[in-house]
Amino acid sequence: MKSRLIALGMAGALLATPAGAAEPVKIGMITTLSGGGSALGIDIRDGFALAISQEGGSLGGVPVELVAEDDGRKPEKATEIANRMIKRDKIGIMTGIVWSNLAIAVVPKVTAKGVFYISPNAGPSKLAGAGCGTNYFNVAWQNDNLHEAMGQYVTEKGYKNVYIMAPNYPAGKDALKGFKRFYKGDLAGETYTKLGQTDYAAEIAALRAAKPDAVFFFLPGGMGISFLKQYAQAGLTGKIPVFGPAFSFDQTILAAVGDAALGVINSSQWNKDIDNPANAAFVADFQKAYGRLPSLYASQGYDAARLIGSALKAVGGDISNADGFRAALKKADFASVRGKFSFGPNNHPIQDIYVRQVVKEGDTLTNKIIATAFTDRADAYAAECKM
Amino acid sequence: MSPLLILEQVLNGLQLGVMLFLMAAGLTLVLGIMNLVNLSHGSLYMVGAFIAATVTRATGSFVLGLLVALPATALVGIVVERVALRRLYARDHLDQVLATFGLILFFNEAVTMIWGPRPLYMDGPSWLSGAVEIIPGVPYPAFRLAIIAVGLTVAMLLYLLVTRTRLGMLIRAGASNREMVAALGVDINRLYTLVFGLGVMLAALGGVMAGPIYAVEVGMGEVILIQTFVVVVIGGIGSVRGALVGAILVGLVDTLGRAFLPGLLTLFLGPATAASLSASLASMAIYILMAAILVWRPRGLFPAHG
């Protein structure tokens, strides 16, 4: 009797399913939503989600479902989430990873299984040159780009004795390598700090003793906050000019550092004052939806969503048409908030890189573009990619 | 490499050591007397920093932030002790590690829920924002000098507490032989609560002093927790004197390693190799120190248990 009731119930449930209801395309986002560095992942997720909500739950006219999970900045956790998304949830499009060491662990594994990965942040050199792949696209930049731009600008401005610093991990090494590629002067010092280090008294003392004419550092997230505060307390702000990539001076860091960051010059592929309709709409909608100014991470998440949307539109939501989807992604036929955008042969962006300065607008610290460092910059590893 | 630079780096090492001492003193007491491995010690440091940052932001006064954060964090600590830690005293260390690790995750999420995921802005008092030239030609941040002063004062007060008061006598006895103290009729639960409260206040003080110089962000406790455990192991479990000596040692080795290893290695290797290798070596330095001390003195420098 009971089994018959269950059978009837199941039949009823099956019949109740509306005919022709399309399954939304699932997009898996593995990003850092808790612990140190979570502000970056949360911005990426919020930017991505904004694009979906602007289209009422779709991207490119195709209904999508964003499955966002927290990797806690741990490579093992990211790998485990990726495996689960592929095996259990049958997800065919993934995105979200913030950190290069996690990306190196996860991306080759998932693309080998036929999944498309669109990076909204991490762009390690290892995956841009010989390690490139047909299913791996980077919509943000290649790690070295923003540092190369700063190296170029610092050389143009005539600095000849620069002290450089970055954490001892893949993105840190890429950063200093990128800076040195375009910087033509002498190095007063080259220091690698510990990832997650909080106390920079020793490094600042060594820096002061080396008497550089400028400092270039890459210290994302909390590390940058600690360093800038301590740099100001040591009385060096204003005495030795500071340069860095946007990662050390994004909206989150500026809010937590305060006036110690005023006047600092940094490079970025995006700023809220880039003048085009897509960007204006993005900044306004982001502020309305989340009550804060977007950072470059949010713009990267947003562009990733729009890129995926443009490709979904081209294949009519059918990602089993892998070749079609891949070609559509490569075409990058979407209105990026940066203005012009296209992919190079290794699926990394070709874009302009700007120079911006930290200013105060009313009560808020933010960035303002003051120059352009590169026009249509690709990256240094494209030639090594044999695709 | 001028002698003035060496002096400045030694001062930096001392300051880092004093900061570690604030954390290590509380942890070593809790570990020595209550036999409790408390990984959430770092989380209470974080809570202290966040509360102080909020109050300082609202009132504009760092001192008020300090005065509010200490009892407020102590209150949080007491609640945690009553609700979670009390059940762990009788269990073995691995269970305690598991449970208090869960507390770390809990605190990280709770702080994110209350304050959001973004780091907070915190500034020290304006009368400590300048620099003092205690070494000629080197403007040393006044706030860091204040940290050294606060830390040494706490060390002095703890010394007086442990050697000159009845509570201190109970603490030393409890660290030596817990069962005997209980058998002699001392209310061991009250002693535990007092010791734990003291440990929490020290952690909170560490957090408040760290706020103006480090980033006040979720997860800030984990970094310092690992270094604190190294200090406690080196100094000897249950010994405040060991915590002070261990903390200064760790602070000096870490700072001097980071400051001078690159220069030293550049003499033998090329600059790029030296930079990368010295970075790795410098971050390993305190663990190599710990291993070396344990080989020489397996129970730490000043073990409390007789």
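Student: What makes K90(A) exposed?

Tutor: K90(A) has 8 other C-beta atoms within 10 Å. A residue is exposed if 12 or fewer lie that close to its own C-beta, buried if 20 or more do, and partly exposed in between, with C-beta atoms placed from the backbone. So K90(A) is exposed. Bear in mind that this is a predicted model, where local features need pLDDT of at least 70, side-chain atom pairs count only at pLDDT 80 or more, and totals for chains, interfaces and linings use all residues. Residues are numbered from 1 along each chain as its sequence is written, and chains are lettered from A and ligands numbered from 1 in the order in which they are written.

Student: Where is K90(A)?

Tutor: In the loop between α3 (75–87) and β4 (93–95) of chain A; helices (H or I, at least four residues) and strands (E, at least two) are DSSP runs, numbered from the N terminus. K90(A) isn't a glycine, yet its phi is positive, about 50°.

Student: Why does N347(A) count as buried?

Tutor: N347(A) has 25 C-beta neighbours inside 10 Å, so it counts as buried. Its phi is also positive, near 65°, and its loop runs between β12 (342–343) and β13 (349–361) of chain A.

Student: How do you know that the span of helix α3 (residues 62–83) of chain B agrees with what it should be?

Tutor: The expected span is 1.5 Å times one less than the number of residues. For 22 residues that should be 32 Å, and the end C-alpha atoms are 31 Å apart, so α3 of chain B agrees. Its buried residues include F62(B), L66(B) and E81(B).
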